[in-house]
Amino acid sequence: MLNRKRSERAPAHPDTSLIARGTVIQGDVRFSGALHLDGQIVGSVLAEEQGAVFTLSESGHVEGEIRVPHAIINGHVRGDIHAAERLELASEARVAGDVHYRTLEMAAGAQVNGRMSHHSAEATRELPAPTLADAEAVPA
């Protein structure tokens, strides 16, 4: 996302909401689909579905917690970020808070003042049961 041309990016989510520059929302914002923020949110940003994408432009500001599956940050965040799947920090990203992610992409120039915590997917550690085809004959 950070170094790709616009034409190489994935197509925009069909249900995209835009909060324009100059708009200030005080209170929590819950969304599904995609949310693009050019303005300011004073409160939490919470996704209500698995495939949700939150994009914060270089003119955007969030003062509160962000809990989304996929976040693309290029503005200012004062609060913790919880990206269940993927977090992209572009060159103008400024984060004052802890960052929790599964996959991270961070461009040169991005700043995080807080802890960074990687959370891997829970892998099952149970071995499959042996089958008779795999069994070796044991001499009697």
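Visitor: How do the residues of the lining of the second largest pocket divide into nonpolar, polar and charged?

Guide: Keep in mind that this is a predicted model. The lining divides into four nonpolar, five polar and three charged residues. The pocket itself has a volume of about 150 Å³.

Visitor: What makes Arg78 and Arg94 part of the lining of the second largest pocket?

Guide: A lining residue must have an atom within 4 Å of a pocket point. Arg78 and Arg94 are both listed in the lining, along with others including Gln40, His61 and Asn113.

Visitor: Which strands each supply at least two residues of that lining?

Guide: They are strand 8 (61–63), strand 10 (76–78), strand 12 (94–96) and strand 14 (111–113).

Visitor: Why is Gly43 called buried?

Guide: Buried means under 20% relative accessible area. Gly43 has a relative accessible area of 14%, so Gly43 is buried. Its place is in the loop between strand 5 (40–42) and strand 6 (45–47).

Visitor: What does Gly43 touch, not counting residues up to four places away in sequence?

Guide: Gly43 touches Gly27, Asp28, Val62, Glu63, Gly64 and Glu65. The C-alpha atoms of Gly43 and Asp28 are separated by 4.6 Å, although the two are 15 residues apart along the chain.

Visitor: Which residues touch the most other members of the largest nonpolar core?

Guide: Among its 26 residues, those are Val45, Phe54, Ile66, Ile73, Leu87 and Leu89. Strand 9 (66–73) and strand 11 (81–89) are among the elements giving two or more residues to this core. Beyond its neighbours within four places in sequence, Leu87 is in contact with residues including Ala71, Ile73 and Val99.

Definitions and conventions: Residues numbered from 1 in each chain as written. Predicted model: local features only at pLDDT ≥ 70, side-chain atom pairs only at ≥ 80, totals over all residues. Heavy atoms only, no water. 1 Å grid on protein atoms, 1.4 Å probe; cavity = no way out; pocket = protein on both sides within 12 Å on 5 of 7 lines; lining within 4 Å. Points joined across faces, edges and corners; volume = space filled by probe spheres on them. Helix = DSSP H or I, 4+ residues; strand = E, 2+ residues; numbered from the N terminus. Nonpolar A, V, L, I, M, F, W, Y, C, P; charged D, E, K, R; others polar. Core = buried A, V, L, I, M, F, W, Y, C linked by side-chain atoms within 4.5 Å. Buried < 20%, exposed > 50% of the residue type's maximum accessible area, 1.4 Å probe, protein only. Contact = heavy atoms within 4.5 Å.
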